[in-house]
Amino acid sequence: MASKQVKYLHTARLITLLTGNRNLWKNSEKSAEQQQQSQQPSENSPADTGTVGNNSVDQIKKLTQDLEVLGKEVENLKEQNIQLLDKYRRSLAESENLRARLGKQIADAKLFGIQGFCKELLDVADILGHATNSVPQEELTDKNPHLKSLYEGLSMTQASLFQVFKRHGLETMNPLKEKFDPNLHEALFQKEDSSVDPNTIIEVTKLGYKLHNRVIRPALVGVSK
């Protein structure tokens, strides 16, 4: 390549001397310099290419390692996210269960807050019932106006008390002639009675009571064999 450039320069000089055209000589020198400069990178390109290739391989290896590290971190974060989500769901379920239990307890407290007071009044109702039942019906005539008035007063008081019970959800249970239910009744005795089926309530010693369908006192009964 160098010999061709020298020949090219000698040819340009010869043409210049023959024609006297100096511009052609200057242009030829510039073109020769440009060709020489363009050839220098091409001569060094194999070494530079090797260096660039080595650098590219190293960069790819480093990027691969970084990607592996990032992949592991992503997997760890996913696992932590799954664990945290499971804990959150469990906590949410527990809080909902707790809220439901508290709501039920509050509702029960509103409904059954008077349960103790009602039990105390049951004794009063029993006394009124015994008093009215103990009066002979044949004695309730105009010949005994005081007894009749007393009986009527006790009956009215008893009826008024039962109305108050009903307004507050307290209901009486008089299970005469019904089948015995251990959840509602308490058997005091058994006796033979051919007029009814076995396990039938034939006598009620004391009435039972339910407060909003919750038994607060079972009925005391006698059952047939």
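Asparagine 199 counts as partly exposed in this predicted model, at 35% relative accessibility (buried means under 20% relative accessible area, exposed over 50%, and partly exposed in between, with a 1.4 Å probe and protein chains only). The residue lies in the loop between E2 and strand E3 (201–206); helices (H or I, at least four residues) and strands (E, at least two) are DSSP runs, numbered from the N terminus. Phi of asparagine 199 is near 65 degrees, a positive value in a residue other than glycine. A positive phi, of about 70 degrees, is also found at lysine 177, which is not a glycine either. Lysine 177 belongs to the loop between strand E1 (170–173) and strand E2 (185–191). With 53% relative accessibility, lysine 177 counts as exposed.

Because the model is predicted, local features need pLDDT of at least 70 and side-chain atom pairs count only at pLDDT 80 or more, whereas totals for chains, interfaces and linings use all residues. Residues are numbered from 1 along each chain as its sequence is written, and side-chain values use heavy atoms, with hydrogens and water left out.

The protein has 4 helices and 6 strands. From the N terminus on, its elements run α-α-α-α-β-β-β-β-β-β. Of the 225 residues in the protein, 19% are buried. The protein exposes about 17100 Å², and carbon and sulfur atoms supply 55% of this area; accessible areas come from the Shrake-Rupley method with a 1.4 Å probe, and for residues only the protein chains shown count as cover. Among contacts (heavy atoms within 4.5 Å) between residues at least 6 apart in sequence, 57% join residues at least 24 apart.

Charged side chains were examined next. Side chains of opposite charge can pair when their charged atoms come close. The structure holds 6 salt bridges, a salt bridge being a side-chain nitrogen of Lys or Arg within 4 Å of a carboxyl oxygen of Asp or Glu. Among them is the pair of lysine 62 and aspartate 66, whose closest N and O atoms are 3.4 Å apart. Both residues of this pair lie in helix H2 (residues 22–112), 4 residues apart, about one turn of the helix. Lysine 62 counts as exposed because its relative accessibility is 52%, while aspartate 66, at 33%, counts as partly exposed.

Another salt bridge joins the side chains of arginine 90 and aspartate 86, at 2.9 Å from N to O. Arginine 90 and aspartate 86 are likewise placed in helix H2, with 4 residues, or about one turn of the helix, between their positions. The relative accessibility of arginine 90 is 54%, so this residue counts as exposed. Aspartate 86 has a relative accessible area of 36% and is therefore partly exposed.

The side chains of lysine 104 and aspartate 108 also meet in a salt bridge, with an N to O distance of 3.0 Å. Helix H2 holds both lysine 104 and aspartate 108, which are 4 residues apart, about one turn of the helix. Lysine 104 has a relative accessible area of 54% and is exposed; aspartate 108, with 23%, is partly exposed.
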